[in-house]
Structure formats: structure tokens, C-alpha cells
Amino acid sequence: MSWRPITLIAALCLTLSVPGVAAADDPPPEVEQRAGTQAPAEVSGLSEPARAADPVAAAKAHLTDPRYHLDPADLQPVRTVVDGQDETVRFAQRHRGVPVFGAHYLVHLRKDGAQREIVGAGGRFLTELTVDTTPTVTKETAEKIAIGLRPRGYTGRERPAATARELVVLPRGTGVLAWHVVLNSRSERGSTGPASPPMLLDTYVDAHSGRPLFTVDRLRREGPVQGTGRTAHGSDVTLNAYERADGAVELRDRARPMWNGSTGEILTYDAAGADVQGFLEPGIPPGTELAESPSPVFGPEHTATGAVDAHHGAGLVYEFYRGLGRDGLDGQGGTMLSVVNVTAGGQPFTNAFWDGTKMVYGGGGTDYHSFAASLDVVGHEMTHGVITHSADLVYLGQSGAINEGLADYFGNAVQVDALGIPMSDPDASLLGEGLCKNLPPAECAGRDLDDARVAAEDYLGLTIALDNGGVHVNSTIFSGALWDVREQLGGRRADRLAYKALTEYMTPLDDFVDGRRAVESAARALGWPARDRLTVARAFDRHGIKPGWERHLRTDSRLLIDGVTDFNAVPDVAGDRYVISDSSPDATAPSRILTGRLRGGKPVVLAADDRWNYYPKTDGAQVVWASFDDARTSFRVSARPIDGSAPARVVQDTPDVVTGLAVAGDVIAWEAFDPASGEVEVWAKRGAAAPVRLSAEAGVSGYSPSIRGGKVAYTREWEEGGFFHSTPAVYDLATGTQVVVPEVPGTVGPSYTVMPILLERYVVWTADTNFDGRFAVMRAAHDGTGSTAVVPDGPAAPTLNWFDANDSTISMGLWPDGDTLGNATLPKVFQVPLTGGTPRRVSCNAGAQDYFSAGTGARLAWLDGTDGNTDLVTRDRPVVRC
Ligand SMILES: [Zn+2]
């Protein structure tokens with residue numbers, strides 16, 4: 001389905017009628033479509049006169065062409081990038097005035113004297129949006145929901161703080177109106193527990209239903225990476241500083257062209273060892289001072305904090321981007337902020353990040369210099385700022401890996417140019433090699449752009465729940481291709497190419513193949529000859545970035561569903577049957593409920609996408625799940641025979657947000673968040689009887705119901721003496737009596753219980769006794785007696801990712817020990833007999849083995865990230881060895 005506007009054909013005829021004159025080398029005009037929208041992904045090869053003198057007006061006029069299928073009134077101009085003769089106008093889509101997440105559309109113009117023509121357009125514009133943009137969930141409720149549902153993997157004891165910032169429309173189906181809620185780990189109350197890890201999350205909550213949608217980690221954390229400077233590496237550098245009236249000199253640079261008399265400074269703050277938790281809000285917190293000295297000499301103490309390196313490096317990075325035609329991170333000469341010398345929980349913070357408004361650098365420690373000490377790290381963090389103000393690549397999956405990859409590429413480019421390192425130097429491609437105090441430089445480097453990774457062979461298989469889908473661990477696959485181009489064609493040309501692709505062709509949700517197309521389009525727009533464009537194409541080919549690359553990855557499991565796209569998908573298995581929720585291939589449709597057999601075959605739809613369905617569970621005969629309709633006014637628990645022999649029936653309608661379910665025989669249980677009380681409760685319903693709230697007492701919450709033989713086990717949580725206490729409880733529906741299993745003793749406060757499973761003779765659960773993220777697996781009788789550790793807690797205990805059990809086997813998703821992110825350190829599933837024994841691997845699949853569910857014996861179905869997306873797969877028995 002491609003179309004060619006008349007102007008394209010005219011341009012083509014002109015070219016053909018004047019042989020040998022105009023661009024015989026150029027490909028014919030092309031249109032690429034994008035699934036789920038009528039607006040084309042890219043139109044290239046146009047040559048159409050501009051219909052207005054101003055580039056923004058000309059771009060809008062061009063987009064009125066009905067074949068774009070978009071309404072220019074929905075386009076808000078973001079910025080116009082001028083690069084020689086090229087002008088690119090970037091628009092952000094709005095739906096009824098509300099920004100549409102990730103939807104940018106670009107128009108490319110070329111100016112020749114007073115003449116201006118449209119040469120191309122493309123990006124992402126959603127043509128099918130109809131969602132009502134008046135929220136029915138208030139800001140305050142959205143904040144409560146975000147707090148009440150603690151992010152998975154957040155092991156801090158303190159409840160995070162939440163702030164609802166604004167409404168956005170998420171690009172799924174006809175659109176989902178959502179509150180953007182920022183969650184951070186700043187403590188709301190005192191705590192004597194260990195420090196929480198720093199956290200800054202963008203969470204999206206459905207503004208019509210209250211359903212939590214997804215979460216993006218804002219901290220652009222680096223691995224153990226880093227840099228240089230008397231500077232940390234002994235170079236004497238000049239610093240643009242500022243002498244105050246009191247005579248003190250501070251790190252305030254007003255010497256750059258961006259200084260306009262009131263703004264456009266480079267400012268470097270010294271956090272003086274303050275905790276990183278205080279720097280997660282936008283801007284600089286009150287009380288934080290600029291790095292200052294009594295004289296213009298910034299002594300060794302400023303080398304130690306990283307202030308010299310951060311300030312000097314920021315200036316170098318500014319000049320680098322100025323060479324590419326950019327004035328500062330925002331492209332408009334806005335002030336640039338750095339903070340050095342932060343700590344984490346009283347320990348050195350060996351990391352750095354861009355939080356959306358500023359660079360933050362850890363102060364280093366015994367082994368590391370300040371994280372500002374490697375110029376490539378400074379360039380990396382500042383490039384995140386440039387990306388925020390250009391393509392704004394979403395920090396998730398492949399678009400996130402391109403974001404990281406560009407930050408690595410430009411970080412290293414700044415460093416080799418500024419320090420005069422030849423591209424042939426083996427350290428040129430390392431990121432963060434300047435961070436080591438004593439160790440060999442390569443030991444501190446987090447990444448190597450010359451690591452020669454090929455997508456199909458080296459892709460690290462993270463599911464969407466981990467490292468945002470692999471943003472750091474897969475970045476060099478993309479940046480490696482760009483670095484190859486730089487090695488072959490030189491820094492000046494390659495940097496211009498990458499910068500043009502970033503600022504004029506990429507859009508927020510691009511995947512690797514989209515990113516390659518953006519770079520190739522930029523090469524064409526730069527007028528590169530065919531020979532050099534072939535060099536670019538070969539670089540991407542060499543790194544395996546070409547359409548369909550994901551088909552070449554290997555696994556030892558049976559594929560049940562290829563490409564699960566529902567953010568909330570967790571499989572459930574009983575006997576030979578599985579159930580799961582799933583969305584459309586582009587993740588935009590409401591999720592359906594699917595069931596199938598572990599031996600294979602095509603899944604069957606049990607609940608269609610006329611409602612939003614999620615969290616299905618089965619006992620092998622019935623399936624229960626939660627849903628809400630398009631009006632999104634209430635939640636519903638539904639049930640249907642797994643063989644589809646009867647239609648679905650409504651078990652319960654509720655205003656509460658249903659966040660978990662269980663079914664066995666005639667008993668159905670669910671976990672639901674009550675926005676009014678702020679508590680999560682467990683309910684159980686037997687047959688036609690009214691539902692019973694098991695965690696009814698004020699101040700008591702219930703989580704994770706599990707049913708067996710007319711009894712329901714769940715995690716009971718309450719606050720006492722400033723701590724959250726938690727332990728399994730077993731409720732007997734026949735007698736209405738409840739046994740609270742004695743808490744497992746904790747060492748630094750109460751232990752932390754998750755995921756109790758009720759078996760024929762036992763309740764099993766996992767408990768962390770010392771808040772180190774390692775968990776014991778516990779077992780007790782239904783009456784709470786005989787509490788025993790099947791797998792004891794301690795330094796060798798498993799770092800748990802997920803958990804399930806049946807009457808013979810315990811299945812544990814474990815994080816292998818190790819600091820380096822790689823396939824070897826992604827979660828893997830192990831099984832151990834219920835009676836104890838040696839854990840065995842279930843599968844040798846290289847990537848993440850994430851959420852799973854156990855059938856009978858050793859059967860297991862799980863979400864697997866190995867082959868480039870998230871799949872549902874299965875095995876019947878553990879492997880012998882990997
Ligand atoms: Zn980064």
C-alpha cells in the first residue's frame with residue numbers, strides 16, 4: 001500500500017527528462033507505512049515547493065495533503081532544526097489538547113536562496129484516537145494508586161512519594177488517557193531500616209479507570225563506568241568561573257556564546273556528600289551551593305569531588321555540540337546544570353545520571369574517581385539532555401537502547417576529539433575508562449563501542465520489566481554501527497550524520513531498524529555519495545540491524561506465543577492448559593484473555609478485546625480474570641469454563657482496582673486496591689455466597705491470594721512500631737476461622753513475606769529476614785505449625801525474581817550473582833523438590849526467564865526475553881546441564 005502524490009511523479013519525470021543532471025544517484029520517492037495508523041512512517045524523495053515563507057507554516061501546509069491522514073491542527077511545533085540548507089520542523093501530536101505520548105512528526109525542507117522545497121516527512125502520528133480527555137480519576141487518586149501499588153523490584157522499606165504531573169494520551173488503540181505520576185524514593189517518614197535504593201520513576205495511571213499502566217525508569221543509570229580531569233588525571237585545565245562580591249570564586253561559566261546576560265550559564269554544584277535521594281526532583285534543591293573557592297585556584301579538594309572535571313567537561317561538551325550547530329543541551333542556549341559529589345546511603349555513589357534537567361555525578365571512592373572524571377561519561381550524560389530536547393527517544397526497549405547508544409557514541413566522540421585520542425587507540429571506544437583510580441582503565445569501562453556485537457547473536461534478552469527492556473545492555477549493538485562509520489569515514493562526517501539522524505529523523509518510539517532508516521535518510525539528505533552510504537549500510541549489516549533480525553536467536557523451549565505485548569501479562573498454568581492476557585502486535589489494543597495447551601497449538605480467545613482484560617488465573621476447569629470496559633467506571637471479576645462451553649459470567653463488579661486473582665473449584669479470590677482507604681484487600685467468594693473480606697481489620701492489608709480445598713492463603717500486612725509486618729494467613733471459608741502463621745523472625749526489623757502458595761499439605765512462601773533482597777523459601781502446615789526453611793535465608797540465599805509451587809516442586813526465578821549485566825546474570829528459573837534438595841535449571845535459554853507458572857510435576861510456562869521480544873514458552877522437565 002504505497003501512494004505517490006502527483007508532485008512526486010512530476011519530480012520523477014523531471015529527473016528522467018534531464019538525464020545526467022539531477023541526482024541520478026537518488027532512489028525513487030518512497031513511502032513507508034506504519035501499522036496501526038494511516039499516517040505514513042516515512043515519505044522520502046519529495047520535491048515539492050513550499051507553500052509558505054515560514055518553515056513551520058510551510059510544513060503544516062504540506063501536511064494538509066489528505067494522503068497524510070492527519071489534522072495539522074493537532075500538531076504542536078516543538079522546534080525547527082537548521083543544518084546548512086536543510087530545515088527540519090518537529091511537531092508533537094496533541095489529541096483534544098492533550099499531548100500524545102511519543103508521537104512526533106517531522107517535515108524536511110531544503111532551502112536554496114529564497115526558494116524552499118519539501119523533501120520529505122515522517123515519524124509517528126496516531127490517526128485512530130477518539131479517547132475522551134476529561135479524566136474521571138482525580139490527580140490525588142492517581143497518586144494514591146501509584147503509591148499503593150509498589151513497583152515490582154523496589155525493595156526499599158519506605159513508601160515512595162508520588163506527584164501527578166499532567167495528563168497524556170497513550171498511543172494504544174483509540175488512545176488511553178493517563179495521569180503521568182512521578183514516583184520517587186524520598187522518604188515520607190523516618191525509618192531505621194537500611195537505605196532505599198534511589199528511585200525516580202515515571203508511572204502512568206489510566207485516568208478513566210485507575211488501572212496502573214506502565215512505568216519508565218527516569219534515572220539514566222550507568223553501569224560501573226567512568227572518566228577524567230587537575231582533573232583527576234593530572235591535566236591542568238582552565239575553568240570559566242565567577243568571582244562574587246564577597247571575593248569567593250564559584251564554578252559559573254558565562255564565557256560561552258549561549259550567555260545572553262541573564263541565562264545560558266554552565267553551573268557546577270557541589271553536593272558536599274549529600275545523599276543522591278535529595279537530587280531526584282527537577283532542578284537544584286535549595287541549600288545546594290555552587291562549588292566555590294576563596295581564590296581562582298580550585299585546589300585538590302575540587303579535584304576529589306569531581307567539580308573540576310564536571311565543569312571543564314561541560315564546557316568541552318558545549319563546544320562539541322556548538323560545532324554541530326547546537327547551542328547547549330536544549331538547543332536554545334539554556335543554562336546547563338551539573339551536581340557532583342553525591343553519595344548513596346552513606347556509601348560512595350559509583351554512578352552518574354541525567355534526570356531530565358541536570359547531570360548528577362557520584363563522588364567516587366576508594367576504587368573510582370568522581371564519575372565526572374571521565375570526559376566520555378560527562379558527554380554521555382549531557383547527550384541525554386540533547387536527546388530529551390530532540391528525538392526524545394523513549395527510555396524503553398530498543399528505543400531506549402538507541403538513546404543509550406547515542407549517549408555513548410557522542411560521549412566517546414567528545415572525548416577522543418577533545419583529548420586528541422586517535423580512533424585507532426584501543427581505549428578510544430571505551431566508555432568510562434577514565435574512572436579507575438588504581439585499576440587498569442579497561443576495568444572501569446562500562447561499555448566498549450568496538451565490542452563487535454551483532455543483534456542476532458549478542459542481543460541480551462531482557463523482558464520489558466528488566467532494565468526497561470535492555471536499554472543499557474543492548475546499546476552497543478546500535479552505537480557500534482555508528483562507531484564503525486566514525487572509524488571509517490572520520491569523526492567530522494560521522495558526528496554530523498549521527499546528529500542529523502537524531503535531531504531530524506528519529507522519533508521517540510523508534511526500534512533498531514527505524515533507527516537505521518533514520519541514519520540512512522540523514523546520509524541521503526547530507527548528499528553523501530553512494531559509496532559512503534554503502535559504508536553506512538554495511539556497518540548496520542555487520543551489527544545485524546536489518547529487518548527480521550530477531551528470527552535468528554536460539555532457544556530450547558517450546559514457543560507458545562511469539563511476542564507477548566501486554567505490559568501486565570503473567571501466565572497461569574493448570575494441568576496441560578495455560579491462560580494469559582495479550583494485546584495486539586503493536587501493543588495498542590485492549591488485552592484479550594487467551595488459553596492454549598502446553599503441548600502447543602493455536603491459542604483460543606476466551607475474552608475478546610471489547611473490554612480491557614488482565615491477570616487471568618485457572619484451575620484447569622474455570623478461568624477467572626479482571627477487566628474494565630471502555631467507559632472505565634468499574635472493575636469486574638469474570639469467570640468462564642476453559643473449554644469455552646459457556647459464556648463468561650460476572651462474578652463481581654467493584655469500584656476497587658483489582659490487582660490479583662485466584663480460582664479453585666467453586667472458590668474465587670481477588671486482591672483489590674481501595675482508593676478510598678488506600679489499602680489493598682483480599683476478598684474470597686464461594687459459590688453464590690457474598691464475598692468475604694479476609695483482611696477486614698483497619699490497618700491490615702492483604703495480597704496474593706492462593707486457594708486450595710476451601711481455604712485461602714494470602715499475605716497479611718500491617719504497620720506496627722514504625723515497621724511493616726507481613727506473614728501468611730490461612731482462612732477457612734467453611735468455618736470462617738483464620739490462622740495467622742507466626743512471622744519468620746527478622747534481623748533488622750520484621751521479615752518481609754511475599755507470594756504464599758497453598759498446597760495440599762502445606763503453605764509455602766518466601767521471606768526476606770534481613771532486607772538484602774535474598775529470600776528464604778518457607779513451608780508450614782495449614783495450621784501454621786512446623787514452620788521450616790526449605791531454602792534458608794542468608795548470604796547464599798536466592799535473589800528472588802518470581803515464585804510458584806505445586807505439591808511436588810518449588811519453582812524459583814533467581815537473579816544470578818554478578819555485577820555485570822549480561823545474559824548470564826539475567827533471571828533464570830530453578831526448581832527444587834518440595835522436600836528440599838539441589839536446585840536445577842529449567843531451561844538454558846540465554847535471556848531473561850521472567851514471570852512463570854507451574855503446572856503438574858516439573859512443567860512450567862514462562863515469559864522469556866531471549867529472542868528480541870517477550871515470548872510465552874514452556875518445558876516439561878529441567879535440563880541436564882547448560
Ligand atoms: Zn545513559
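Predicted model: local features only at pLDDT ≥ 70, side-chain atom pairs only at ≥ 80, totals over all residues.

Trainee: Which residue does the side chain of E319 meet in a salt bridge?

Mentor: Side chains of opposite charge can pair when their charged atoms come close. Here the side chain of E319 meets that of R256, at 2.9 Å from N to O. R256 is buried, with a relative accessible area of 17%.

Trainee: Where do E319 and R256 lie?

Mentor: E319 belongs to helix α5 (residues 307–323), while R256 sits in the loop between β13 (252–253) and β14 (266–270). The pair therefore ties together parts that are 63 residues apart in sequence.

Trainee: How many salt bridges does a search of the whole structure find?

Mentor: The search finds 38. One of them joins the side chains of D541 and R516, at 2.8 Å from N to O. This pair links distant parts of the chain, with D541 in helix α14 (residues 530–542) and R516 in helix α13 (residues 512–525), 25 residues apart.

Trainee: Is R516 buried or exposed?

Mentor: The cut-off for buried is under 20% relative accessible area. R516 has 11%, so it counts as buried. D541, at 33%, is partly exposed.

Trainee: What are the accessibilities of R124 and D514, whose side chains also meet in a salt bridge?

Mentor: R124 is buried at 14% relative accessible area, and D514 is buried at 10%. Their salt bridge has an N to O distance of 4.0 Å. Salt bridges may also form a network, as they do among D83, D86, R110, R496, K500 and E504.

Trainee: How should I read a helix, for instance α7?

Mentor: Helix α7 (residues 397–419) has 23 residues and reaches 33 Å from its first C-alpha to its last, close to the 33 Å expected at 1.5 Å a residue. Of its 23 residues, 20 are buried, so α7 is mostly covered. Just after α7, G420 takes a positive phi of about 65 degrees.

Trainee: In what order do the four strands of the open sheet lie?

Mentor: The order is β44-β45-β46-β47, with antiparallel pairing. The edge strands, β44 (799–805) and β47 (840–841), each pair on one side only. Six bridges join β44 to β45 (residues 809–815), and W802 stands opposite G813 in β45.

Key:
Residues numbered from 1 in each chain as written. Heavy atoms only, no water. Pairing = 2+ DSSP bridges. Helix = DSSP H or I, 4+ residues; strand = E, 2+ residues; numbered from the N terminus. Expected span 1.5 Å × (residues − 1). Buried < 20%, exposed > 50% of the residue type's maximum accessible area, 1.4 Å probe, protein only.
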